Amino acid sequence: MSWMFLRDLLTGVNKYSTGIGRIWLAVVFVFRLLVYMVAAEHVWKDEQKEFECNVKQPGCENVCFDHFFPISQVRLWALQLIMVSMPSLLVVLHVAYHEGREKRHRKSQYVSPGMMDGDLWYTYLISLIVKTGFEIGFLVLFYKLYDGFGVPYLMKCDLKPCPNTVDCFISKPTEKTIFILFLVIISCLCIVLNFIELSFLNTICNPVW
Amino acid sequence: MDWGTLHTFIGGVNKHSTSIGKVWITVIFIFRVMILVVAAQEVWGDEQEDFVCNTLQPGCKNVCYDHFFPVSHIRLWALQLIFVSTPALLVAMHVAYYRHETARKFRRGEKRNEFKDLEDIKKQKVRIEGSLWWTYTSSIFFRIIFEASFMYVFYFLYNGYHLPWVLKCGIDPCPNLVDCFISRPTEKTVFTIFMISASVICMLLNVAELCYLLLKVCFRRSKRTQTQRNHPNHTLKESKQNEMNELISDSGQNAITGFPS
C-alpha cells in the first residue's frame, strides 16, 4: 500500500468527472502528490535529528520538539492529500453500484460515461462540497497549529526539564517555509477550481428537477 | 506518484509532438530525471549531516546551513523538472478534448464517413494545426520561460554554479566568524554543471522547435496565398466569358423577336 494505490483509485474517477474535475485531478497529481513524494518528504526527513537546543539537559530537546511540532507539517500534508481525494471515491462507488444493478436488470442506466444524470449529479455535488470543506479545514488547522504558514529559525522554550528559557534551532526553516507556501497556494487553487466546478454543475440540467 | 507516472503522462504527448519535441522528451527523462534519481540524490543525501562548522555552539550549524542553502539544489531541480514538464499536459488535455468532441459527433452520426468506429478515433494521430498549433506553441513558450527562470533563480541563490569547500559564517548564535565546510563540493559542482548544461540543451531544443513551428506556418500561408493568386485570374476569365455569352444570347433573341410576324 503506497501512494500508487491512491493514484490508481483516482485514475478511475477521471472517466466520470467534468472537464474542470479532470484539471483538478491533474493539479492534485502533479503539483501535490508528485511534489510531496519527490521533494517535500526529503526536506522533513531529518527534522528531529537536526533540531538542536542550546542546552545539555537530557530530555529538553525532546520536550521542546514535541511542543512546537505536535504533528509534523509533512504528515499533515499527507493527511490532507488523502482526505481531499476520498470524496471522489463516492462517485466511483456510486457508478460501480449502478453498474452492478445494470447487470442484474440488463438495461443501461447511463447514456454514456460522461453524462451526469439523476443521482450521480447529487453524489458529485456532495463530493465537491465535502472536498472543499476538507481543503479549507486543513488550511485553517495548519494556520492555527503553527501560528501562520512560516517556519522560524529559532524558538524559545522553557518547558520542564529545560532549566531556563533556551534557544532551539529548527533545521532548514527557509526550505520548509517555501514548501509550505507552495502547498497553501496549490490548495487555494484547488479550492477555486472546486468553486468553479460547483457553479458549472448548476448549469447542467438535472432531470429530477 | 513518482517520476515513472509523469513519464507515462508525458509519453502520451509524444505521439502528437514534432521530432524535435520527441528528442526533448528523451533528453528530459534520460539526462535529467534519471540522473537526478540515480546519482544526484545520493550525492546530496547527507548534505546537512556532513555540513560541519568549526564551533561547538549549538544551533550555529543549523543557522549557517539555512543561510547558505535556502533551498537545496536537488529540490530546485525536482521543481524545475515538474514545472517544465507541465505545459505538455496542456497539449495532452487539448488532444483529449478534441477526441471527446469527435467521439460525441460520431455518436450523433456526423463523422461516420471519416472513422470506422470509436477505436479509430482514439488511434488517430492529431495533426498540429489550428487551435492545437496555438496550444502547442504556447506550451513550448512556457517551457522556455520556466527553464530560464529556474536557471536564473539558481544563479541568484548560489552566486554562480560553483560550490566552494569552505564558507565563512557569523550569524547569531555563532560566537564569531566560523568556518563551515560543505560535504563533497567538487562532486556537487560536477553534477550542477551537468544539470545546467542539460537545461541549456533543452532550452535550445525548445527554441529550435518554436522556430520550426513558426516557419511551418509561414510556409503554409505563403503556399495558400500563391494558390489564391492563381485562382482569381481564372474566375475573372470565366465571368467575362459568361457576360459575352449573355450578350450573344440577348442579341440573338432580339433578332428572333425582330422578325416580322
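These exercises walk through a predicted model, each with a worked solution. Local features need pLDDT of at least 70, and side-chain atom pairs count only at pLDDT 80 or more. Residues are numbered from 1 along each chain as its sequence is written.

**Exercise 1.** Find the peptide bond between A:Lys160 and A:Pro161, and state its form.

*Solution.* Start with omega: it is about 0°. The bond is therefore cis, whereas most peptide bonds are trans. A:Pro161 sits in the loop between strand E2 (154-157) and strand E3 (166-169) of chain A. Strands here are DSSP runs of at least two residues (E), and helices are runs of at least four (H or I), numbered from the N terminus.

**Exercise 2.** Do the like for B:Asp172 and B:Pro173.

*Solution.* Omega is about 5°, and the bond is cis. B:Pro173 lies in the loop between strand E2 (166-169) and strand E3 (178-181) of chain B.

**Exercise 3.** Is A:Asp147 buried or exposed?

*Solution.* Take the cut-offs: buried is under 20% relative accessible area, exposed is over 50%, and partly exposed is in between (1.4 Å probe, protein chains only). A:Asp147 has 73%, so it is exposed. Now check its backbone. Phi is near 50°, a positive value in a residue other than glycine. Most residues other than glycine have a negative phi. A:Asp147 is in the loop between helix H6 (119-145) and E2 of chain A.

Notes:
Chains are lettered from A and ligands numbered from 1 in the order in which they are written. Side-chain values use heavy atoms; hydrogens and water are left out.
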